[in-house]
Amino acid sequence: MTLHTTAPEEADRLPASAKERILEIVADCRSLEGPLLPILHAVQHEFGYIPEGAKPVIASALNLSRAEVHGTVTFYPDFRAHPAGRHVLKLCRAEACQALGGHALGDQARAMLGIDWHETAADGTITLEPVFCLGLCACGPAAMLDGELHARLDADGLAELITEIGR
């Protein structure tokens, strides 16, 4: 007969100071209508991502299941399960941008950075993310670097953006 032991709770793997900070965030946002999304945004802002151990802490504090919190985190593409680089480059992968050369820009970015979608450079400088519409459909291909929109990108413009990151 094999004995099965349960893995330690993910929340138990968080440092006490992180748990404390997450509970402070929950307390700050609890009175909001539909507090889960503001809490998740605040946790990601604080830590740079949503630590796995934060999910049961948030679920317990809001009387939600872990599945509800996990489902919300995984549904929205802006939430990260791992830390991002110091810079985040998002390239639009929607149809309008693809029709204007976005596919080639994606290939160029991956080649120049030496990483694939959802990856971070080994030196931690940049994370490359695909997005499916930045709202610049008439001005594609479009990108967002650290929250700043860039429209009508071509190969030279993308190369300039990536070069700026290295400076």
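Which side-chain oxygen reaches to within 3.2 Å of the backbone nitrogen of D156 at the start of α7? In this predicted model, the oxygen belongs to the side chain of D154.

## Overall layout

The protein chain contains 7 helices and 5 strands. The chain is divided into domain 1, covering 16-75, and domain 2, covering 87-166. Between the C-alpha centres of domain 1 and domain 2 there is a separation of 29 Å. The C-alpha trace of the protein chain spans about 55 × 45 × 35 Å along its principal axes.

Of the 167 residues in the protein chain, 41% are buried. If you take the contacts between residues at least 6 apart in sequence, 59% of them join residues at least 24 apart.

## Helix α1

Helix α1 is made of 14 residues, 16-29. From its first C-alpha to its last it reaches 20 Å, close to the 20 Å expected at 1.5 Å a residue. Its buried residues are A18, I22, I25, V26 and C29. These residues lie on the same side of α1, because they cover an arc of only 100° around the axis. The face turned away from that buried side carries the exposed residues A16, S17, E20, A27 and D28. What lies over the buried residues of α1? The cover includes α2 (36-47) and α3 (54-62).

## Helix α7

Now back to the helix of the opening question. Helix α7 holds 12 residues, 155-166, and at 1.5 Å a residue it should span 16 Å. Its end C-alpha atoms are 17 Å apart, which agrees with that expectation. Within α7, the residues L158, L161, I162 and I165 are buried. They cover an arc of only 90° around the axis, so they sit on the same side of α7. On the other side of α7 you will find D156, E160 and G166 exposed. D156 is also the residue whose backbone nitrogen has the side-chain oxygen of D154 within 3.2 Å.

The buried residues of α7 are covered by several elements, including the helix α6 (102-113) and the strands β1 (87-92), β3 (126-131), β4 (143-145) and β5 (148-150).

Is T127 buried or exposed? T127 counts as buried, because its relative accessibility is 2% and the cut-off for buried is under 20%. The side chains of T127 and T120 are joined by a polar contact of 2.6 Å. Leaving aside residues up to four places away in sequence, T127 touches A84, G85, H87, V88, L89, E119 and T120.

How many disulfides does a search of the whole structure find? The search finds 0.

| Cysteine | Nearest cysteine sulfur | Distance |
|---|---|---|
| C92 | C97 | 3.5 Å |
| C133 | C137 | 3.8 Å |

C92 is in no disulfide, because the nearest cysteine sulfur is 3.5 Å away and a disulfide needs the two sulfur atoms within 2.5 Å. C92 counts as buried, at 4% relative accessibility, whereas C133 is partly exposed, with a relative accessible area of 39%.

## Backbone details in the loops

The peptide bond from G140 to P141 is cis, with omega near -5°. P141 belongs to the loop between β3 and β4.

H118 is not a glycine, although it has a positive phi of about 70°. This histidine is found in the loop between α6 and β2 (119-120). H118 counts as exposed, at 56% relative accessibility.

D146 likewise has a positive phi, near 50°, in a residue other than glycine. Where does D146 lie? Its place is the loop between β4 and β5. D146 is partly exposed, with a relative accessible area of 43%.

Technical notes
Residues are numbered from 1 along each chain as its sequence is written. This is a predicted model: local features need pLDDT of at least 70, side-chain atom pairs count only at pLDDT 80 or more; totals for chains, interfaces and linings use all residues. Side-chain values use heavy atoms; hydrogens and water are left out. Buried means under 20% relative accessible area, exposed over 50%, partly exposed in between (1.4 Å probe, protein chains only). Helices (H or I, at least four residues) and strands (E, at least two) are DSSP runs, numbered from the N terminus. The expected span of a helix is 1.5 Å times one less than its number of residues. The arc is that of the directions from the helix axis to the C-beta atoms. Contact means heavy atoms within 4.5 Å. A polar contact is a pair of N or O atoms within 3.5 Å; within protein, one must be able to donate a hydrogen and the other to accept it, and residues adjacent in sequence count only if both atoms are side-chain atoms. Domain bounds come from an automatic or database domain assignment.
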